Amino acid sequence: MDLTNFLNGWGLKTWDDEAGWKSMIPEWESFLEWLVANRQNAIEYLLLAADEWESFVASPTRQDRFKQITSLALEWGVAVASDVPIASAFL
């Protein structure tokens with residue numbers, strides 16, 4: 001999915017690319033509009049994690065970005081669900 005980085009709280013290239021992350025918000029809003037136009041009301045996606053960026057995985061920055069993603073979706077009447085792989089529970 002083209003929005004994988006955005007939905008995982010990343011910017012265009014890295015997790016700490018705040019400007020890149022914000023630049024993808026209009027694309028997310030366009031996707032939400034497309035969902036609603038096609039009579040969809042939910043999206044579910046997988047949250048990723050890696051040892052290389054472990055400091056970001058549960059960071060307040062990432063959590064805030066998730067809140068913004070969810071808030072925008074709710075404004076469109078779209079429910080959001082994020083899944084965490086079972087393997088991540090053992091990290």
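# Close-up views of a predicted model

View 1. Of the 17 residues in the largest nonpolar core, Phe6, Leu7, Trp28, Leu32 and Ile69 touch the most other members. A nonpolar core here is a set of buried Ala, Val, Leu, Ile, Met, Phe, Trp, Tyr and Cys residues joined through side-chain atoms within 4.5 Å. Four elements, α1 (4-7), α3, β1 and α5, each supply at least two residues of this core. Helices (H or I, at least four residues) and strands (E, at least two) are DSSP runs, numbered from the N terminus. This is a predicted model, in which local features need pLDDT of at least 70 and side-chain atom pairs count only at pLDDT 80 or more, while totals for chains, interfaces and linings use all residues. Residues are numbered from 1 along each chain as its sequence is written, and side-chain values use heavy atoms, with hydrogens and water left out.

**View 2. Phe6 in helix α1.** Here we look at Phe6, which is found in helix α1. Why is Phe6 counted as buried? Phe6 counts as buried because its relative accessibility is 0%, and buried means under 20% relative accessible area, exposed over 50%, and partly exposed in between (1.4 Å probe, protein chains only). Leaving aside neighbours within four places in sequence, Phe6 is in contact with Trp21, Met24, Ile25, Trp28 and Ile69; contact means heavy atoms within 4.5 Å. Take Trp28 from that list: Phe6 and Trp28 are 22 residues apart along the chain, and their C-alpha atoms are separated by 8.2 Å.

**View 3. Aromatic rings in pairs.** How many aromatic pairs does the structure hold? There are 7 aromatic pairs. One of them joins Trp53 and Phe56 in a tilted arrangement, 6.3 Å centre to centre with 50° between the planes. Rings of Phe, Tyr and Trp (its six-membered ring) pair if their centres lie within 6.5 Å; planes under 30 degrees apart count as stacked, over 60 as edge-to-face and the rest as tilted. Both Trp53 and Phe56 are buried. Elsewhere, ring pairs link Phe6, Trp21, Trp28, Phe31 and Trp34 into a cluster.

**View 4. Helices α3 and α5 where they cross.** Two packed helices are described by the angle between their axes and the distance between the axes. The axes of α3 and α5 come within 10 Å and cross at roughly 35°. Axes are lines fitted to C-alpha atoms, for helices over the stretch in contact, and angles run from 0 to 180 degrees between N-to-C directions. From α3, the contact is made by Ile25, Trp28, Glu29 and Leu32, and from α5 by Gln68, Ile69, Leu72 and Ala73. Sorted by class, this contact has 6 nonpolar, 1 polar and 1 charged residues. Ala, Val, Leu, Ile, Met, Phe, Trp, Tyr, Cys and Pro count as nonpolar, Asp, Glu, Lys and Arg as charged, and the others, Gly among them, as polar.

**View 5. Arg65, a buried arginine.** Arg65 sits in helix α5 (residues 60-75). Is Arg65 buried or exposed? With a relative accessible area of 3%, Arg65 is buried. Apart from neighbours within four places in sequence, Arg65 is in contact with Gly9, Trp10, Gly11, Trp15, Asp17, Glu18, Trp21 and Phe56.

**View 6. Residues with more accessible area.** Glu44 lies in strand β1 and is exposed, with a relative accessible area of 55%. Not counting residues up to four places away in sequence, Glu44 touches Ala81 and Asp83. Glu44 and Ala81 are 37 residues apart in sequence and 4.5 Å apart in space, C-alpha to C-alpha. Arg39 lies in the loop between α3 (25-37) and β1 (42-46). Arg39 is exposed at 78% relative accessible area, and Arg39 has a positive phi of about 60° although it is not a glycine. Lys22, in helix α2 (residues 18-23), is partly exposed, with a relative accessible area of 47%.
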